[in-house]
Amino acid sequence: MLTEAKKNLKLIGMYFKFNLAASMEYRASFLTQTFGMVLNNSTFIFFWWILFNNVKEIGGYGFKEVMIIWGIASTSYGLTFVLFGNIRRISQMIINGELDSYLLQPKDVLINIISSSTVISAWGDIFYGLILFIGVYGFDLIGLGLFIFFCFTGMIFFASVMICANTLTFYMGDSRGITGLIFEFMITFSIYPEGIHNSYTKLIIYTLLPSAFISLVPVRLMTDFSWNWFLLLMGALVGWSVFTYWLFMKGLQKYESGNLIVSKL
Amino acid sequence: MSIISAKNLSKTFQVKTKEQGLKGSLKAMVSPQYKEIQAVKNISLEVARGEVLAFIGPNGAGKSTTIKMLTGILHPTAGEINVLGLNPTTDRRKLSYKIGTVFGQKSQLWFHLPPLDSFNLLGRIYEMEEEEIKKRISYLTELFEIEDLLETPVRKLSLGQRIRCEIAASLLHKPEIIFLDEPTIGLDVVVKQKIRDLIKTLSQESQTTIFLTSHDAGDIEQLCRRAIIINHGQIVLNESVKNLKYNYMNQKVIDIKYAESVTIDHPELKVLKSKGYAVKIEIDSSKCDIDNTISDLMKLGKVVDITISDPPLEEIISGIYQEKDIGGGYLEKA
């Protein structure tokens with residue numbers, strides 16, 4: 001099990017280097033996409049800044065907390081698509097029968113698929129979240145360590161939900177529509193203060209679509225650490241990861257391949 | 001000793017059906033209807049180590065589906081498979097170290113990167129040592145004459161160059177069996193020949209077992225010793241290419257060039273083409289004696305040149321398809 005995990009981490013590292021080299025093939029595109037995304041995200045800071053000039057707090061959050069959840073959500077999202085860029089294409093790959101070449105390689109098929117491509121603009125999301133966090137929290141090693149840790153847990157939650165949504169294609173033919181909706185939901189509910197949601201919404205964001213675990217629970221832990229919340233977060237993380245893997249592997253048995261002409265991009 | 005063995009292999013796909021138009025779509029939404037398509041039916045086959053086998057059939061016959069089951073991509077609905085002592089369905093990862101696959105229509109190279117980068121990554125995916133990867137790349141580069149292509153992004157390679165790199169990539173980890181699914185599809189005559197020569201060298205030099213599907217009779221004629229013809233998901237013929245030509249090749253083509261104008265009026269002969277003093281004739285050797293016919297033809301006038309040849313294998317296979325009531329496959333799928 002440990003060897004397997006080590007092998008998978010090695011594979012992710014290998015693809016990371018490989019994809020970075022591929023991104024550098026188009027240097028101008030890499031730089032404009034990265035900085036474009038930072039600029040694009042920055043506009044939201046002004047929106048919140050103006051808002052918090054008029055009200056003291058929203059849903060129990062001040063400007064600083066809102067910026068931290070934005071920071072964690074943004075970097076988590078960025079990490080997901082830098083490391084596992086192919087997540088966004090799983091549905092289409094299943095439909096087009098593009099999983100063949102991954103099934104012919106001696107690696108874990110899910111890790112192999114999701115790691116084999118990257119989204120260049122997601123680098124912008126990583127930098128934006130990091131700059132935002134340091135900007136509002138200040139430079140503090142423990143704080144930064146926690147931030148990075150929670151960005152990685154957020155990445156696993158975000159990746160798991162998106163893989164599950166895409167994996168539904170095995171079961172229902174095409175889940176691209178529903179994947180788009182879930183994507184929007186996960187983003188939206190991870191960047192707004194928890195207090196503005198009613199109890200039904202809270203139930204959903206802690207269970208079915210666990211966006212609360214991406215940024216809201218980490219902010220709670222960073223401002224007022226509790227072992228109960230931490231264990232809940234870690235338990236949910238393991239549960240979602242295991243479920244996602246099981247759902248994908250089960251679905252893979254239904255894979256029908258195809259004869260479309262395809263290239264690895 | 002057989003290294004690929006399949007017993008009563010079957011694969012069924014469920015396909016959603018719908019009546020035409022908007023009404024049909026609405027009806028399909030409320031109560032979806034499915035029909036079962038049996039892409040492969042009870043196929044049993046054996047392949048020996050070092051053998052070069054042609055697996056042929058029309059579009060949708062079930063060739064690719066069979067290959068995908070043998071390589072572990074698809075799970076069979078029924079039947080047993082054993083490839084190099086492993087079950088591809090359950091031992092997919094173990095098996096992948098021992099087999100190589102080239103799908104003419106699917107690339108395993110990264111489109112935006114030069115083949116050398118893909119080779120290095122694939123080498124690491126197959127857990128090869130750095131030094132071993134280097135050695136292997138240098139060997140394959142020489143064999144496939146791809147030295148000039150190694151640093152050019154795949155998107156800028158021609159189809160023929162890309163296929164050479166694809167085959168080289170699939171051989172990186174020294175597979176014992178290589179599955180080639182239509183490797184010469186879309187290539188021009190010269191490149192096709194080059195690829196065939198490479199496959200031939202490969203089979204002779206390293207004793208690699210080759211399982212080849214192709215629509216191209218030339219591939220089969222030049223490369224394979226045995227052919228399995230499949231249609232409607234079933235094996236319709238399994239015999240040596242030599243026998244295939246012998247048993248199904250009663251037709252001979254005679255090209256004869258006279259020094260003067262002649263008129264051919266022979267009930268057993270079919271004139272295919274006549275231009276100037278040159279005539280192309282088809283003769284059925286099972287119905288008439290070749291010796292006598294040639295003598296008759298020689299008596300018609302002074303002969304400048306004469307050639308007797310077999311019709312292309314393509315025609316023989318198409319004859320078998322017709323004889324065995326083969327039109328097209330079940331489905332243009334897998």
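What follows is a chat about a predicted model with chains A and B.

Biologist: Let's start with chain A. How many helices and strands are there in chain A?
Modeller: Chain A has twelve helices and one strand. Going from the N terminus, the order is α-α-α-α-α-α-α-α-α-α-α-α-β.

Biologist: And what is the radius of gyration of chain A?
Modeller: The radius of gyration is 19 Å, close to the 18 Å that the globule rule gives for 265 residues, so chain A is as compact as a globular protein of that length. The C-alpha trace spans about 60 × 45 × 35 Å along its principal axes.

Biologist: What share of the residues in chain A is buried?
Modeller: Buried residues are 40% of the 265 in chain A.

Biologist: And the contacts in chain A, how many of those with a separation of 6 or more come from residues 24 or more positions apart?
Modeller: Such pairs account for 82% of them.

Biologist: Which of them gives the most?
Modeller: H1(A), with four residues.

Biologist: What is the make-up of that side, nonpolar, polar and charged?
Modeller: The side of chain A that touches chain B has ten nonpolar, seven polar and five charged residues.

Biologist: Now the cores. Which residues touch the most other members in the largest nonpolar core?
Modeller: B:Leu53 and B:Leu212 do, in a core of 130 residues. The element that gives the most to this core is helix H8 (residues 141-172) of chain A, with 14 residues.

Biologist: What is B:Leu212 in contact with, leaving aside neighbours within four places in sequence?
Modeller: B:Leu212 contacts B:Val52, B:Leu53, B:Ala54, B:Phe55, B:Leu180, B:Asp219, B:Leu223 and B:Cys224.

Biologist: Last topic, strands in chain B. How many bridges join E9 to E10?
Modeller: Six bridges join strand E9 (residues 226-231) to strand E10 (residues 234-240) of chain B, and the two run antiparallel. B:Ile230 has B:Ile235 in E10(B) as its bridge partner.

Biologist: Which residue takes a positive phi in that hairpin?
Modeller: B:His232, with a phi near 50°. The hairpin of E9(B) and E10(B) has two residues between the strands.

Notes. Residues numbered from 1 in each chain as written. Chains lettered and ligands numbered in written order. Predicted model: local features only at pLDDT ≥ 70, side-chain atom pairs only at ≥ 80, totals over all residues. Contact = placed C-beta atoms within 7 Å. Nonpolar A, V, L, I, M, F, W, Y, C, P; charged D, E, K, R; others polar. Pairing = 2+ DSSP bridges. Rg over C-alpha atoms; globule rule 2.2 N^0.38 Å. Buried ≥ 20, exposed ≤ 12 C-beta atoms within 10 Å, placed from the backbone. Core = buried A, V, L, I, M, F, W, Y, C linked by C-beta atoms within 7 Å.
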